[in-house]
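Please look at the sequence and the structure before reading on.

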Amino acid sequence: MLGNNTSDVIELRGKILKEYDELVSNSYEGTIFHHTWWHEAVLKGIINYREYNVSYFGVLDRNDRLLSAIPIFYYKKAFMNVVSVPPLTPYLGPLFRKQKSMNRLHRISFMKKINKMYAKLLKTMGLVTFYPFSHEHVDLQPYLWEGLDVHVRYTYVINLKNSLDNIWKSIDKRRRWEIRKALKSGVVIEENTKISEFIRLFNESMKRHKIERRYEKIWMKLFHECNSRNMCRILTAYTKNGEPIASIFIVWDNKRTYYIGSG
């Protein structure tokens, strides 16, 4: 059982921390946003924004193998820590190593006990304002038990195993009309390696909505890191005259592709 095979939650350092990225890839919950290189890129790109820090915590088995881990971002405000995610990082949350030896009920019990440890840890870290979990993490009961507020947010997930025809039919009628109208007017979509063009369109959108977001350096850092790993694309829409009118930034991991920004 869990109590005989694991230690308490510890902060990951040195050799153990090096196991963390391997755990991200070998867990159901891991996303591109969990990787240490993503965190480093975001933190290096933050300018004139809250000064974030990140710490990694986890649970080891009796052989000092990393069974579970959680990254926690925080910043200082009025002499206290505030736990919150940095810009352009939509998912985090705990990770649990895949273990074929565990049956379903054992795994549920295993995760519940460790989640309770993490809930207690989050409370000791400071004021928790926003900490989003990945799609795969469904049991939030231990966090409710510890008095944390839990809210459900929704996003759209498109299964690309479906045929393109079925996906098209499932799109809202108005959106299909807008797509047809754009095609008739000569709009074309191209893959683009010009991050500067995307940033310009993104900033124009933020300005139009009167939102102050100075993410240029973060976008640059993330594009460099993701592009070097072949884990991102910029798709840009051009008029028939070659004018860029819209652009999106997408990234992916071994599970799914994520839309993280547009302009």
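Four strands form an open sheet in the order E7-E8-E9-E10, with antiparallel pairing. Strands are DSSP runs of E with at least two residues, helices are runs of H or I with at least four, and both are numbered from the N terminus. Two strands pair if DSSP finds at least two bridges between them. Strand E7 (188-192) and strand E10 (257-262) are the edge strands, each pairing on one side only. On average, neighbouring strands of this sheet are turned by 30° against each other, direction ignored. Strand E9 (residues 244-252) is joined to E10 by 5 bridges, and the two run antiparallel. Ile250 stands opposite Tyr259 in E10.

The model is predicted: local features need pLDDT of at least 70, side-chain atom pairs count only at pLDDT 80 or more, and totals for chains, interfaces and linings use all residues. Residues are numbered from 1 along each chain as its sequence is written, and side-chain values use heavy atoms, with hydrogens and water left out.

| Helix | Strands it lies across | Angle |
|---|---|---|
| H9 (residues 195-208) | E7, E8 (232-238), E9 and E10 | about 110° to E9 |
| H10 (residues 216-228) | E8, E9 and E10 | about 115° to E8 |

Axes are lines fitted to C-alpha atoms, for helices over the stretch in contact, and angles run from 0 to 180 degrees between N-to-C directions.

Two packed helices are described by the angle between their axes and the distance between the axes. Helix H4 (residues 36-45) packs with H10 at an angle of about 150°, and their axes are 7 Å apart. H4 and H10 are therefore roughly antiparallel to each other, a term for angles over 145 degrees. The contact (heavy atoms within 4.5 Å) involves Trp37, Trp38, Ala41, Val42, Lys44 and Gly45 of H4. On the H10 side it is made by Lys217, Ile218, Lys221, Leu222, Glu225 and Cys226. By class, the contact of H4 with H10 has 7 nonpolar, 1 polar and 4 charged residues. Ala, Val, Leu, Ile, Met, Phe, Trp, Tyr, Cys and Pro count as nonpolar, Asp, Glu, Lys and Arg as charged, and the others, Gly among them, as polar.

The protein chain has 10 helices and 10 strands. Its C-alpha atoms fill a box of roughly 65 × 45 × 35 Å, taken along the principal axes. Of the 263 residues in the protein chain, 43% are buried, that is, under 20% relative accessible area with a 1.4 Å probe, protein chains only.

How values were computed
Angles under 35 degrees count as roughly parallel, over 145 as roughly antiparallel, 65 to 115 as roughly perpendicular and the rest as oblique. Buried means under 20% relative accessible area, exposed over 50%, partly exposed in between (1.4 Å probe, protein chains only).
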